[in-house]
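Colleague: I have a few questions about the structure below. Please keep the answers plain.

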Amino acid sequence: MSQLLALLAAAVLAWQGLRSFATPPYTADGWLWMAGAAVLAAFAYSRTAGLSLKIARGLFSEPAPRHTWGWAGRWPLLIGLAFLLVGIGANVWANLTLYEKVYDIPATVAWTASLLLALLGIGLMQRRQPDALTHGPGGSVSPDALTDETGVQRSAFSIQHSAWYRRLPYLELALVALLALVAIFFRVYRLTTMPPGIFIDQTNGALDALAVLEGRQASPFGTSWYEIPTMYVYFMLGMFKLLGTTWLALVLASIVPAVLTVLAVYPLARTLFGVPSALAAMAFMAFNRWHINMSRWGWIEVSTPLFQVLCVLFLVRAAKNRRLLDFALAGLFLGLGMYSYLAIRMAVVAVALYVLYRLLVQRGFWRMGVGLALMALLYLMTFSPLAVHYSRNPFTFLNRSQQVSIFNDVKQAGSYQPLWENLRRHAEMFTVRGDTNPRHNLPGAPMVDPVTGALLLIGFGYGLWRVFDHRYGLLLIWIPVTLAGGVLSSLIEGPQAFRTIGVVPAVAILAGDMLARGWVVLRSALDRGWARSSDHAPGASPLTPWSRWAWLTLLAPAALLAFAAYANYTVFFDRQAHDDTVWQAFSPVETAVAREVQSKLSTHTLYLAPRLFYFSPLIFLTYRAPSEGGGGLSQKPYLMAQPVDDLPLPSLSGQDALFLLDTHYQDLMELFTVYYPGTTSHMVTGPRGQPLYLSVNVPGGEIAALHGLNGDYGGVARRDSQINFTWPQDWPAGAPVAPVTWTGSLRMPHTDQVDFRSDGNLQIDVDGQTWTGARLLGKGLHALRITQADPASAGRAALYWTQAGQGEQLVPAEVLFGIGLPQHGLVGTYYSTENWTGPPAFTVISPLVLFAWAENEPWAGPFSDSFSGELEAPVDGSYFFSVNGDDGVRLWLDGKVVGEALQPDTANEFNATVSLTAGRHAIRVDHFQRGGGKALELWWQPPNGPRQVVPPSVLWP
């Protein structure tokens with residue numbers, strides 16, 4: 001009864017500690033309350049060391065007595081050794097080949113075969129022989145045997161021949177299956193809305209997989225985006241092969257390993273602590289919000305805990321049964337983990353420290369040296385191809401770690417204060433204040449629920465008291481070493497939930513064991529009280545499954561588990577799912593654009609602004625493999641366009657056009673309506689009305705109607721799609737035989753060197769100048785006038801052009817328009833130098849200054865440009881101007897420089913406030929480009945007006 005009272009007091013102190021943690025400002029009071037709870041719990045559990053598994057065996061049947069393995073007979077031993085040596089040889093050959101060739105299929109096959117041969121050989125080298133493991137090497141009692149006293153076994157199995165008892169293994173299996181379903185539910189429920197978007201990390205990895213699918217030779221032993229090992233890309237590729245290149249396949253790439261991790265926690269916890277602790281640990285893992293959040297991303301980090309759990313599982317099993325194959329499997333899974341997220345490196349450190357710990361505290365553990373050597377061998381054989389890559393490219397091994405290292409902060413601060421601060425933050429992340437990154441967590445909320453947090457802290461204290469029990473030694477090493485991945489990261493990210501996700505299984509196991517031990521204390525106290533008041537025979541054990549209190553005592557841990565599950569559910573699916581910062585963190589613009597494009601591909605011709613065009617969620621969701629008739633990664637099913645120089649549209653299909661543009665285009669609808677009056681638009685918004693992007697629909701009929709040149713046949717007008725006629729049969733009926741003139745515009749889809757040729761002695765005027773030979777025409781509209789003085793004698797009229805690198809062809813209908821040049825805008829003059837000197841390369845009228853030039857526009861660089869004309873100020877007053885450019889920019893008003901930023905090879909920006917009178921003022925914007933990005937924007941804010949791009953209506957060429 002004293003243990004039960006101590007446990008109840010510990011619960012009260014833990015509750016008070018959690019209240020202190022939840023009430024800012026956070027002080028040391030909470031830690032003092034939790035320390036008291038841990039001390040009381042340690043006292044309460046002091047007599048449960050041998051009870052947990054005893055009671056478990058009163059409820060669940062156990063397998064036959066355990067045995068160890070010895071060396072096999074002569075021939076199996078020799079055959080197994082031969083397989084092992086052949087496997088080592090194949091592994092060495094594969095690594096030597098991969099060192100010379102980055103991508104080599106035979107070497108990859110040899111590496112895979114080497115691992116299979118090594119495992120087969122190690123399996124053949126042992127035979128099974130009875131040898132109970134209640135004693136460790138040399139006859140000493142092993143720590144695991146502390147849960148096996150025969151006195152309790154005798155009573156615990158007193159009814160083992162009953163029909164009810166024989167059904168208990170099925171009950172255990174049913175409970176495990178139920179918890180697996182709970183884990184799946186928490187990871188797939190409302191999957192389309194939580195997370196609220198598709199983060200670019202997910203789709204960047206997916207695009208690497210699609211590139212491999214299309215034939216790119218990428219070694220599975222290399223590294224890709226952010227130095228992530230490429231092996232994971234092949235796993236994603238397998239998901240796409242199985243389920244297609246769908247969003248479901250993308251998210252299942254993380255859900256599958258996440259659920260497998262929950263399943264793997266059960267045998268590990270069962271091996272360490274028995275069935276009740278394992279069931280509780282699996283439950284805590286199933287509804288752990290931290291793990292659930294990471295499970296639904298479709299990204300790599302969630303696979304790291306899986307390999308860590310599997311490695312530790314087989315290592316602990318091997319230490320129990322001394323089976324060499326288990327040692328080998330532990331090394332194999334740890335080696336495979338190296339191909340997952342970079343945080344696995346901390347798992348390697350934790351496993352190494354655990355082995356060292358057992359060598360120091362467990363007498364005779366050194367006798368397992370052969371098994372440990374084989375574990376190390378399989379780890380090296382598995383990891384070695386990636387290690388070869390690191391040796392060839394050392395940058396890829398340390399670059400990311402160095403980028404986010406806490407020692408950058410230490411160096412900047414000149415002290416270790418950032419390190420100690422990060423250590424404090426990670427110590428508090430479980431129960432006080434968690435990760436503030438909205439993608440990782442509800443910002444600032446504790447990483448675990450109150451039940452898990454309290455049991456974790458109590459368990460950590462209890463583990464320190466029993467530090468020489470290797471099971472607690474394992475968890476006491478696992479948790480802080482894995483947390484070091486976050487502690488050693490930059491302070492601005494601390495606490496870091498992404499790089500420390502591997503700690504979650506250890507937290508679940510420790511919390512589960514503490515909950516099971518609490519149940520043991522409650523059960524034993526009530527059973528003893530009942531035994532004293534009953535007619536039990538002297539010496540009979542109260543610990544039988546038939547005690548009247550046996551099943552009622554399960555209500556307490558079940559209630560705590562239910563409360564923890566409810567807490568995780570409400571925080572994740574209510575508070576976190578509706579948090580604005582979480583919504584903002586999951587690329588809402590990219591996600592909304594991708595989903596609209598995906599839904600409109602079959603009904604519209606789609607044009608996207610340059611900033612939206614390259615969104616990786618968009619590329620992935622609209623991907624269609626060449627084998628399925630799509631364009632793959634190289635030919636996207638939508639087009640990039642910026643209305644400043646991509647209007648009017650070249651489409652002749654009659655299909656509506658849909659533009660998805662940055663929000664500032666809402667003030668620039670005149671760009672569209674000057675050509676297409678029927679244009680409609682609406683701002684796509686988020687759940688709270690946040691503007692995301694502008695959707696502009698242009699009627700297909702108006703697009704088609706604008707094409708062609710205006711033909712004047714002696715007073716008879718006709719719209720001609722191309723100039724390609726044979727007279728007189730193509731002459732308009734009723735028109736007099738007279739000179740014919742075609743007028744309109746030629747829209748250059750890109751800057752190019754062009755030459756024209758005609759049949760029928762046509763006079764060609766471009767931009768008011770008679771065409772005399774090849775010259776450079778800039779992207780955009782150019783005035784076009786074609787005249788044929790004597791059609792009757794010519795008998796033919798045809799207009800051809802030749803572009804750089806292409807053969808001669810008729811000028812196509814999609815570049816000819818029956819409209820004139822823009823009436824508003826500025827004259828853009830481009831130079832082939834970066835200082836506005838020399839003869840102009842070309843001129844073109846731009847309706848406004850809002851450019852994000854494509855890589856080949858007007859050419860790679862260097863170049864410079866000036867946009868000149870007049871600015872019409874609507875009223876007297878103070879005007880605010882902002883000019884952004886990459887590279888240098890300068891603004892002139894009324895012949896004076898009002899601001900400049902001319903730093904080369906970087907983005908530049910300046911602001912200027914100028915007093916203007918109502919009316920027109922001379923304006924010029926200068927820009928030069930040397931290298932890198934190419935952009936130029938002119939913004940203003942008139943008196944009492946909004947900040948916006950200077951619109952075409954106030955610009956005059």
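Modeller: First a term: buried means under 20% relative accessible area, exposed means over 50%, and partly exposed lies in between, with a 1.4 Å probe and protein chains only. This is a predicted model, in which local features need pLDDT of at least 70, side-chain atom pairs count only at pLDDT 80 or more, and totals for chains, interfaces and linings use all residues. Residues are numbered from 1 along each chain as its sequence is written, and side-chain values use heavy atoms, leaving out hydrogens and water.

Colleague: Is phenylalanine 842 buried or exposed?

Modeller: The limit for buried is under 20% relative accessible area. Phenylalanine 842 has 7% relative accessibility, so this residue counts as buried.

Colleague: What kind of aromatic pair do tryptophan 297 and phenylalanine 586 form?

Modeller: Rings of Phe, Tyr and Trp (its six-membered ring) pair if their centres lie within 6.5 Å; planes under 30 degrees apart are stacked, over 60 edge-to-face, and the rest tilted. The structure holds 54 aromatic pairs. In the pair of tryptophan 297 and phenylalanine 586, the centres are 5.9 Å apart and the planes are at 90°, which is edge-to-face.

Colleague: How many residues apart are the two partners of that pair?

Modeller: Helices (H or I, at least four residues) and strands (E, at least two) are DSSP runs, numbered from the N terminus. Tryptophan 297 is in the loop between helix H13 (289-295) and helix H14 (303-321), and phenylalanine 586 is in the loop between helix H25 (580-585) and helix H26 (588-600). The pair links distant parts of the chain, 289 residues apart.

Colleague: Why is strand E24 described as largely enclosed by the rest of the structure?

Modeller: E24 covers residues 877-886. The strand is largely enclosed because the number of its ten residues that are buried is seven.

Colleague: Which residue in E29 is the bridge partner of aspartate 886?

Modeller: Two strands pair if DSSP finds at least two bridges between them. E24 pairs in the antiparallel sense with strand E27 (residues 907-916) over ten bridges, and with strand E29 (residues 935-941) over seven bridges. In E27 the partner of aspartate 886 is alanine 907. In E29 the partner of aspartate 886 is alanine 935.

Colleague: Which ring does arginine 920 lie over?

Modeller: A charge sits over a ring if NZ of Lys or CZ of Arg is within 6 Å of the ring centre and within 35 degrees of the ring normal. Arginine 920 lies 3.8 Å from the ring centre, over the face of tryptophan 956.
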